[in-house]
Amino acid sequence: MRREYLLYTTSAKDIQDVVADLRDSGDITDDAAHDLELHLTAVGQYEKKEAFDKVVKHMKSFKKMIDYQKGNNLITSKAQQTLQQKADALLAQF
């Protein structure tokens, strides 16, 4: 169940916007941004369906994807740190 009492919440859409900004600034390659956005689209669908167990599962794999992309120089350290923080913020809501 999502903790609705939180003042500030983070959604998959919010993280997609961050991915787009990081791509525009050159911190994420186009291919990496596409993969992240696709993954977040699926998370967003689970959010809408209130399938929060699947949101948590997919956000954990999202964090692994971020580490993989950083290890392969597809994203910068700044992008990795920013996306990890956003993913953690979303996960903290459940």
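Here are some questions and answers about this predicted model.

User: Before we start, what are the ground rules for this predicted model?

Analyst: Residues are numbered from 1 along each chain as its sequence is written, and side-chain values use heavy atoms, with hydrogens and water left out. Since you asked about the model, local features need pLDDT of at least 70, side-chain atom pairs count only at pLDDT 80 or more, and totals for chains, interfaces and linings use all residues.

User: How do the residues of the contact of helix 1 with helix 4 divide?

Analyst: Contact means heavy atoms within 4.5 Å. Helix 1 brings Ala12, Ile15, Val18, Val19 and Leu22, while helix 4 brings Lys78, Ala79, Thr82, Leu83, Lys86, Ala87 and Leu90. Ala, Val, Leu, Ile, Met, Phe, Trp, Tyr, Cys and Pro count as nonpolar, Asp, Glu, Lys and Arg as charged, and the others, Gly among them, as polar. The contact of helix 1 with helix 4 therefore divides into nine nonpolar, one polar and two charged residues.

User: And how far apart are the axes of helix 2 and helix 3?

Analyst: Helix 2 is roughly antiparallel to helix 3. Residues in their contact include Leu36, Leu40 and Val43 of helix 2 and Met59, Phe62 and Ile66 of helix 3, and by class the contact has 11 nonpolar, four polar and three charged residues. The two helices pack at an angle of about 170°, and their axes are apart by 9 Å.

User: Is Leu40 buried or exposed?

Analyst: Leu40 sits in helix 2. Leaving aside neighbours within four places in sequence, Leu40 is in contact with Ala12, Ile15, Gln16, Val19, Met59 and Phe62. Buried means under 20% relative accessible area, exposed over 50%, and partly exposed in between (1.4 Å probe, protein chains only). With a relative accessible area of 0%, Leu40 is buried.

User: What kind of aromatic pair do Phe52 and Phe94 form?

Analyst: The structure holds one aromatic pair, and rings of Phe, Tyr and Trp (its six-membered ring) pair if their centres lie within 6.5 Å, with planes under 30 degrees apart counted as stacked, over 60 as edge-to-face and the rest as tilted. Phe52 lies in helix 3 (residues 52-71) and Phe94 in the segment after helix 4, so the pair ties together parts that are 42 residues apart in sequence. The ring centres of Phe52 and Phe94 are 5.0 Å apart and the planes are at 35°, so the pair is tilted.

User: With which side chain does the side chain of Asp27 make a polar contact?

Analyst: Asp27 is in the loop between helix 1 and helix 2 (30-48), and Asp27 is buried at 12% relative accessible area. A polar contact is a pair of N or O atoms within 3.5 Å; within protein, one must be able to donate a hydrogen and the other to accept it, and residues adjacent in sequence count only if both atoms are side-chain atoms. At 2.6 Å, the partner of the Asp27 side chain is the side chain of Ser25.

User: How accessible is Thr76?

Analyst: Thr76 belongs to the loop between helix 3 and helix 4. Leaving aside neighbours within four places in sequence, Thr76 is in contact with Gly26, Asp27 and Lys70. Thr76 counts as partly exposed, with a relative accessibility of 27%.

User: What is the phi of Asn73?

Analyst: Asn73 lies in the loop between helix 3 and helix 4 and is exposed, with a relative accessible area of 65%. Although Asn73 is not a glycine, its phi is positive, at about 55°.

Terms used. Helices (H or I, at least four residues) and strands (E, at least two) are DSSP runs, numbered from the N terminus. Axes are lines fitted to C-alpha atoms, for helices over the stretch in contact, and angles run from 0 to 180 degrees between N-to-C directions. Angles under 35 degrees count as roughly parallel, over 145 as roughly antiparallel, 65 to 115 as roughly perpendicular and the rest as oblique.
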